[in-house]
Amino acid sequence: MNRYLASHVANLPPSGIRKFFDLVATMKDVISLGVGEPDFVTPWTVRESGIFSLEQGQTMYTSNAGLLELREELAHHLNVSLGLSYDPLREILITTGASEAVDLVMRAVLEPGNIVLVPDPSYVSYAPCATLAGAGVRYVPTHAQENFRLRVEDLAKVYSPEVKLLVLSYPNNPTGAIMQREDLLPIAEFVKQHDLLVLADDIYSDLTYEGTHTSFASLPEMHDRTLFVSGFSKSYAMTGWRIGYVAGHPDLISGMTKIHQYTMLCAPITGQIAALEALRSASEAKNEMVSAYDRRRRLMVHGFRSMGLDCFEPLGAFYVFPDISKTKLSSESFAEELLKEEKVAVVPGTAFGPSGEGFIRCSYAYSLEQLEEALERITRFVQRRLV
């Protein structure tokens, strides 16, 4: 039946992350460092609000844009935390996770012949969503020696007049890199010079371990050019609730809402009510989770460096991206052999783009005990290769 599939769907490769974890599901005693999901449960006050809403019979549709009360609270939160000003009536759309928000941005602004610039390495969904929207993709390499930060000179090398959209995803998945204000200002000048739009995926903005996060939308003249995407999955341990959002110019949000109302209609009401409670009462729980991730981050960096591998220090998100080139194995081979020999699952860097070759991604959203055991197993594996 493959002949019935649209060619652009048939030719789309499956996620490089899922390939390994389908295999993991068939094995016993595997320690998985692969899935980017908090090991914490959603804070109790948030869960309780969802439960209570169900007990009260709140099981209906919301407006396409989402609960106005949630949008108003989000507008206040973004203003206080990031200095961003959005009209909750016209400039914020609640989505079914940040993933839907990314897809909506791509489908609303792209058409055949457009090109999207995607930092490399970066999250696996950007390029496929651009392809499904009918656009082309060009990767913009980033490098460990430059702290995996996006540079204007690298953008200039791949730019052409067909480019319409730039993806910015910092803190970055998979590297954990961040972009500070002084790093972003030259990018903003490039965007203005070439009349581009920016998809700023700030899903990990609360997971910044040094300094404060600067949103691209807060830079001079970038507010209307930026589609700000985020959600509740990472910061509040709410992955299964599927609540995200996108904020931006009302004309662009209106276009995305058209697609959203015909395909998704609205995000789940229970999740929206829980997200509202998260903004109101879960900041302390969120800060405790961030502190725990920070301890784990330092453990992982020290662990990989102690086994003789170079390891960039992540300053955001909850991933390390160690350089495994000293083992003389490709990223794919390293991940496959480590899984077979030591039963530790990691993601090959190439799942996140061509520049990921020679690296692996390890999530540290797991308990200290699991991470310590995983590091012991990886150390044994690496030592056999470095002899």
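Start with the largest pocket, which has a volume of about 550 Å³. A pocket here is an open set of points on a 1 Å grid over the protein atoms alone, with protein on both sides within 12 Å along at least five of seven lines, and lining residues have an atom within 4 Å of a point. The volume is the space filled by probe spheres set on the points.

Before you click on, note that this is a predicted model, where local features need pLDDT of at least 70 and side-chain atom pairs count only at pLDDT 80 or more, while totals for chains, interfaces and linings use all residues. Residues are numbered from 1 along each chain as its sequence is written, and side-chain values use heavy atoms, without hydrogens and water.

Now select Gly36, Ser99, Tyr123, Tyr204 and Lys234: of the 24 lining residues, these are the closest to the pocket's centre. Next, colour helix H5 (97-109) and helix H2 (16-24), the elements that give two or more residues to this lining. H5 provides the largest share, three residues.

Move on to helix H4, residues 68-82. (Helices are DSSP runs of H or I with at least four residues, strands runs of E with at least two, numbered from the N terminus.) Show Leu70, Arg71, Leu74, Ala75, His77, Leu78 and Leu82, the buried residues of H4, where buried means under 20% relative accessible area with a 1.4 Å probe, protein chains only. They lie on the same side of H4, because their arc around the axis covers only 165 degrees, taken from the directions from the helix axis to the C-beta atoms.

Terms used:
The expected span of a helix is 1.5 Å times one less than its number of residues. Buried means under 20% relative accessible area, exposed over 50%, partly exposed in between (1.4 Å probe, protein chains only). On a 1 Å grid over the protein atoms alone, a cavity is a set of points where a 1.4 Å probe fits but cannot get out, and a pocket is an open set with protein on both sides within 12 Å along at least five of seven lines; lining residues have an atom within 4 Å of a point.
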